[in-house]
Amino acid sequence: MSNCIIFTIPGNEVLANSLIKLLHADPGDAIIRHFPDGETYVKVNSNVHEKEAIIICSLHQPDDKILSLYFLAQTLKEFGAFPVTLVVPYLAYMRQDKRFTDGECISSDLFARLLSSFVDKLITIDPHLHRRISLNEIYSIHTSVLHVSHQLSKWIKENIQQPLLIGPDSESEQWVSKVAADANVPYIILEKIRKGDRNVKVSVPQVEKYKEYTPVLVDDIISTANTMIETIGHLKKAGMKPPVCIGIHAVFAAKAYDKLIKAGAEKVITCNTITHPSNAIYIDELLGQEICKNSFVVD
Ligand code: R5P
């Protein structure tokens, strides 16, 4: 018997169904659709009174989802659900964490304030924490941050012979070093200068002593893929083998995935925090365990 009910924002059905099965939870019945004029319609059919409502919503392309999420969460609260927990495997709006130029909005802070105003708890995976150490600096609700370093190192150990892990920038050292230690393999960290949304310069990797290794680029987010494409260019010039590219979050703007393959990636592997054909590392159990641990209602 469970007092937990799992709702899905459209696009998250695969993960939501897997969690419903894993947790033996009840699926929430809600209609989320758009009126002909584009406005969002939400209707909750399930009885949620005094139940924990869990909403599964990865926030890739967040602007398309945020109103559905807001309307659903608020409506669940109005019908007596408590707590309303957001399971957000990919948490958006984490990269604009300062004013890089005068006048810019610090969207990571404002987005955190917005989400904190309408959900009670949040569970996410490897959010892009760079200048901030913890989500608590910007979120006023209870947050749980899960890490996939163990899942990444397991996949690397099982699938790659003699890997050399390469992190594209100083921020990546936090997870690349953990993955490397866990897999007991060497790693190097490059330096990156971002000159614009699509314009990055990555330092030339010093790989002379690793010629026999398989390079494995590891980053948290692959968006335009230009960070990885630039690094692949350097590796080619250095005569290295084609690299395996691993990203935690398969954001892939426009044709980024195709461009990355065309640039010479041997393989592109991601976690299923965002549904994508490159998904090969699964986070369902990690999320399931955390939901159980955090919930006072799931049995
Ligand atoms: C930012 O610092 C992140 O860790 C990634 O390196 C970045 O988002 C990758 O972006 P792109 O794929 O657009 O180069």
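These legends walk through a few close-up views of one predicted model. Residues are numbered from 1 along each chain as its sequence is written. Because this is a predicted model, local features need pLDDT of at least 70 and side-chain atom pairs count only at pLDDT 80 or more, while totals for chains, interfaces and linings use all residues; side-chain values use heavy atoms, with hydrogens and water left out.

**View 1. Two domains side by side.** Here the chain splits into domain 1 (4-147 + 283-293) and domain 2 (149-281), with bounds that come from an automatic or database domain assignment. The C-alpha centres of domain 1 and domain 2 sit 28 Å apart.

**View 2. The interface of domain 1 and domain 2.** Together the two domains bury about 1500 Å², and 54% of that is on carbon and sulfur atoms. Buried area is the accessible area (1.4 Å probe) that two parts lose on being put together, summed over both. How many salt bridges does the rule find across this interface? It finds 0, counting a side-chain nitrogen of Lys or Arg within 4 Å of a carboxyl oxygen of Asp or Glu.

**View 3. The largest pocket.** A pocket is an open set of points on a 1 Å grid over the protein atoms alone, with protein on both sides within 12 Å along at least five of seven lines, and its lining residues have an atom within 4 Å of a point. This one holds about 1300 Å³ of space, a volume being the space filled by probe spheres set on the points, which are joined across faces, edges and corners. Of its 44 lining residues, R95, Q96, R194, D197 and S223 lie nearest the centre. Strand β11 (192-196) gives the largest share, 5 residues. Strands (E, at least two residues) and helices (H or I, at least four) are DSSP runs, numbered from the N terminus.

**View 4. The second largest pocket.** Its volume is about 210 Å³. Among the 15 lining residues, G11, N12, N272, I274 and T275 lie nearest the centre. Helix α1 (residues 13-23) gives the most, with 3 residues. Domain 1 and domain 2 each supply at least three residues to this lining.

**View 5. The largest cavity.** A cavity is a set of grid points where a 1.4 Å probe fits but cannot get out. The largest cavity has about 30 Å³ of space, and I166, G167, P168, L217, V218, T227, M228 and T231 line it. Helix α6 (226-237) gives the most, 3 residues.
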